[in-house]
Amino acid sequence: MPSLPPPWISDLDLLRLIMRITGWPRARIDLRAWRRAIERERARVTRRRLGLRPLPPQDRAALAASGILLDLLASSEAQAVIALLWAGHSLAVELLDAQARALYNRMLTERGLDRDIRANIEGLRQYANEKAAPHGRAPCSGLDPAYALPADALAALNAATPEALAEWRDRLSAARRAPATRPHLLRRLRTEGAAARRAYPELDLCRPAPGPSRSVWPQPSPTVASEGDGEPERPPAPMRHP
């Protein structure tokens, strides 16, 4: 069986090859029909070589209709219509007023910010779960993905007490189902982390760290002197002389 011509063969070379094999004149050869037939035969040979079942035979009417549509779309007239429609689309975009353009740009920006916030919320929730484990977060081998999280938010989780860490974890989990609360929660977490970082500048709180959290934030309230049980002791009464 003769081999098929390569897919990258030029139209002129393919035309010469068909004329040499068939002996037909140039005016009788439909080059597009030949290319489609060659590609169908190439697909059939490939499926047989890979052990796949052959494709079911297609209806000749459907093949003829698809060929007509392909020829129509590739014609110069159809290309001119497509170019005209594309130019009309570009003109409509240019005619948008400033307010509509600003609204469109803001919507694109908000969608991008929402994707970033959602990724941060999910990453911080996973980080909080790891820090709240019985032995804390396990050491990460290789590049730690938590380095992509906001530094101040990491500082809040690294410095949190066990109670605060559990609360942040629950809030982050709830934010997965409440998109409107994500920006406020992330802002609050960053604020807490910045405050903890200022309170403990000697601690490296902004980087992902293994082990449990530091349990230093929120700072414990000043201890209040506890009262003794029962009545406080009274000073002894002065002795009275008779």
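The expected span of a helix is 1.5 Å times one less than its number of residues. Keep that rule in mind for helix 2. What we have here is a predicted model, so everything I say is about that prediction.

Helix 2 has 19 residues, and the rule gives a span of 27 Å. After helix 2 comes Gly51, and its phi is positive, near 80 degrees.

Now the whole chain. The protein has 242 residues, and 23% of them are buried. What does the secondary structure come to? The count is 8 helices and 0 strands. Read from the N terminus, the order is α-α-α-α-α-α-α-α. For contacts with a separation of 6 or more, 70% are between residues 24 or more positions apart.

As a general point, nonpolar side chains in soluble globular proteins tend to be buried together. In this model the largest nonpolar core holds 20 residues, and Leu124, Leu157 and Leu189 touch the most other members. Which elements give two or more residues to this core? They are helix 5 (98–131), helix 6 (151–159), helix 7 (162–175) and helix 8 (182–199).

Take Leu124 from that list. Neighbours within four places in sequence aside, Leu124 is in contact with Leu149, Ala153, Leu154, Leu157, Leu172, Leu186 and Leu189.

Helix 6 is worth a look of its own. How many of its 9 residues are buried? The answer is 7, so helix 6 is described as mostly covered. Those buried residues are Ala153, Leu154, Ala155, Ala156, Leu157, Asn158 and Ala159.

Is Ala128 buried or exposed? Buried means under 20% relative accessible area. Ala128 has 0%, and therefore it counts as buried. With neighbours within four places in sequence set aside, the contacts of Ala128 are Leu157, Leu165, Arg169 and Leu172. Ala128 and Asn158 are 30 residues apart along the chain, and their C-alpha atoms are separated by 8.7 Å.

On to empty space. Rolling a probe the size of a water molecule over the atoms shows where such space is left. Here the count is 1 cavity of 30 Å³ or more. The volume of the largest cavity is about 40 Å³. Which residues line the largest cavity? They are Pro5, Pro6, Pro7, Ile9, Leu14, Arg35, Ile38, Glu39 and Arg42. By class that lining has 6 nonpolar, no polar and 3 charged residues. Helix 2, residues 31–49, gives the largest share of the lining, with 4 residues.

Last, the segment after helix 8. Ser215 is placed there. Its phi is near 60 degrees, which is a positive value in a residue other than glycine. How accessible is Ser215? Ser215 is at 38% relative accessibility, so it counts as partly exposed.

Pro218 is also in the segment after helix 8. What kind of peptide bond joins Trp217 and Pro218? The bond is cis, with omega about 0 degrees.

To recap: the predicted model has 8 helices and 0 strands. Its largest nonpolar core has 20 residues, and its largest cavity has a volume of about 40 Å³. That is all from me.

How values were computed
Residues numbered from 1 in each chain as written. Heavy atoms only, no water. 1 Å grid on protein atoms, 1.4 Å probe; cavity = no way out; pocket = protein on both sides within 12 Å on 5 of 7 lines; lining within 4 Å. Points joined across faces, edges and corners; volume = space filled by probe spheres on them. Nonpolar A, V, L, I, M, F, W, Y, C, P; charged D, E, K, R; others polar. Core = buried A, V, L, I, M, F, W, Y, C linked by side-chain atoms within 4.5 Å. Buried < 20%, exposed > 50% of the residue type's maximum accessible area, 1.4 Å probe, protein only. Contact = heavy atoms within 4.5 Å.
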